[in-house]
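Here's a quick briefing to read with the model open. Keep the sequence handy as you go.

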Amino acid sequence: MASRKGSQQSRVGGDKYSVLLPTYNERENLPLIVWLLVKYFGESGYDYEIIVIDDGSPDGTLEVAEQLQKIYGEDKILLRPRAKKLGLGKCHILIHRILNIVCLKQREGGYDLVSGTRYRGDGGVYGWDLRRKLISRGANYVTQVLLRPGASDLTGSFRLYKKEVLESLVERCVSKGYVFQMEMIVRARQLNYTIGEVPISFVDRVYGESKLGGNEIVSFLKGLLTLFATT
């Protein structure tokens with residue numbers, strides 16, 4: 001997830017982009033993700049900072065992040081470690097190969113929130129097995145039927161928020177885990193924030209395994225029913 005700040009000057013426009021990278025056992029993936037982000041922002045001219053929020057990874061992810069901070073600088077790589085795994089309810093990840101398209105979409109349309117979608121236009125998913133695809137598709141379908149959120153991809157986390165919009169939504173959201181992503185869109189609709197969508201091609205992680213398990217699925221269903229009853 002990224003937020004766009006307007007208070008600091010950059011070579012392009014005058015905005016600063018803060019990229020939030022939640023990590024848990026990602027020591028092999030983190031250097032690649034950071035390198036891709038630094039490369040993109042360096043070429044585009046956007047001012048940026050990358051905030052690594054590690055949930056007490058036992059595999060040494062934080063130590064890798066500290067090395068990356070030495071390489072790229074403390075002004076670009078910020079570390080916000082947490083003592084244990086707290087889930088995705090406070091931070092999300094933004095790293096795909098269409099950063100420029102999303103930034104342009106926000107600038108041209110003036111949207112409060114731009115969301116990448118795997119389920120519209122030429123968007124898609126690569127590297128997932130059938131089970132993961134069915135879970136994602138099923139979750140989005142049920143959510144569309146029950147909540148009518150006005151967006152096509154509720155479980156994705158590739159999003160760009162204006163800073164003030166992000167702060168407003170986080171104050172109102174109470175969900176944790178994967179439900180948080182869905183609640184952010186639902187609350188944005190309630191507050192009449194404008195939402196733009198960009199088709200994306202989601203490519204699965206290079207190393208490691210997904211953190212999605214049975215407990216996350218049960219929590220998602222409980223959260224969905226709660227939102228249905230309260231929104």
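**The overall picture**

The protein has seven helices and nine strands, where helices (H or I, at least four residues) and strands (E, at least two) are DSSP runs, numbered from the N terminus. This is a predicted model, so local features need pLDDT of at least 70 and side-chain atom pairs count only at pLDDT 80 or more, while totals for chains, interfaces and linings use all residues. Residues are numbered from 1 along each chain as its sequence is written, and side-chain values use heavy atoms, with hydrogens and water left out.

Of the 231 residues of the protein, 50% count as buried. Buried here means under 20% relative accessible area, exposed means over 50%, and partly exposed is in between (1.4 Å probe, protein chains only). Take the contacts between residues at least 6 apart in sequence: 76% of them join residues at least 24 apart. A contact means heavy atoms within 4.5 Å.

**Helix α4 against helix α7**

- Two packed helices are described by the angle between their axes and the distance between the axes.
- For α4 (residues 130-147) and α7 (residues 214-230), the angle is about 10 degrees and the axes are 10 Å apart.
- The axes are lines fitted to C-alpha atoms, for helices over the stretch in contact, and angles run from 0 to 180 degrees between N-to-C directions.
- That makes α4 and α7 roughly parallel to each other; the cut-offs are under 35 degrees for roughly parallel, over 145 for roughly antiparallel, 65 to 115 for roughly perpendicular, and oblique for the rest.
- On the α4 side, the residues that meet α7 are R131, I135, A139, V142, T143, L146 and L147. Their partners in α7 are I217, F220, L224, L227 and F228.
- Sorted by type, the residues of this contact are 10 nonpolar, one polar and one charged. Nonpolar covers Ala, Val, Leu, Ile, Met, Phe, Trp, Tyr, Cys and Pro, charged covers Asp, Glu, Lys and Arg, and the others, Gly among them, are polar.

- Which residues of α5 (residues 163-172) are buried? They are V165, L166, S168 and L169.
- These residues sit on the same side of α5, because they cover an arc of only 165 degrees around the axis. The arc is that of the directions from the helix axis to the C-beta atoms.

**Salt bridges**

- How many salt bridges does a search of the whole structure find? It finds seven, a salt bridge being a side-chain nitrogen of Lys or Arg within 4 Å of a carboxyl oxygen of Asp or Glu.
- E43 pairs with K39, with the closest N and O atoms 2.9 Å apart. The two are four residues apart in helix α1 (residues 30-44), so about one helical turn separates them. E43 counts as exposed at 60% relative accessibility, and K39 counts as partly exposed at 38%.
- D47 pairs with K76, with the closest N and O atoms 3.2 Å apart. This pair links distant parts of the chain, 29 residues apart: D47 is in strand β3 (residues 47-54), and K76 is in the loop between α2 (61-72) and β4 (77-79). D47 is buried at a relative accessible area of 15%, and K76 is buried at 18%.
- E183 pairs with R187, with the closest N and O atoms 3.0 Å apart. They are four residues apart in helix α6 (residues 179-190), so about one helical turn lies between them. E183 counts as buried at 0% relative accessibility, and R187 counts as buried at 15%.

**Loop residues to look at**

- R27 is in the loop between β2 (16-23) and α1, partly exposed with a relative accessible area of 40%. Leaving aside neighbours within four places in sequence, R27 is in contact with D59, G60, T61 and V64. The C-alpha atoms of R27 and E63 are separated by 8.4 Å, though the residues are 36 apart along the chain.
- Most residues other than glycine have a negative phi.
- R148 has a positive phi, near 45 degrees. R148 lies in the loop between α4 and β7 (159-162) and counts as exposed at 66% relative accessibility.
- N192 has a positive phi too, near 60 degrees. N192 lies in the loop between α6 and β8 (195-199) and counts as exposed at 67% relative accessibility.
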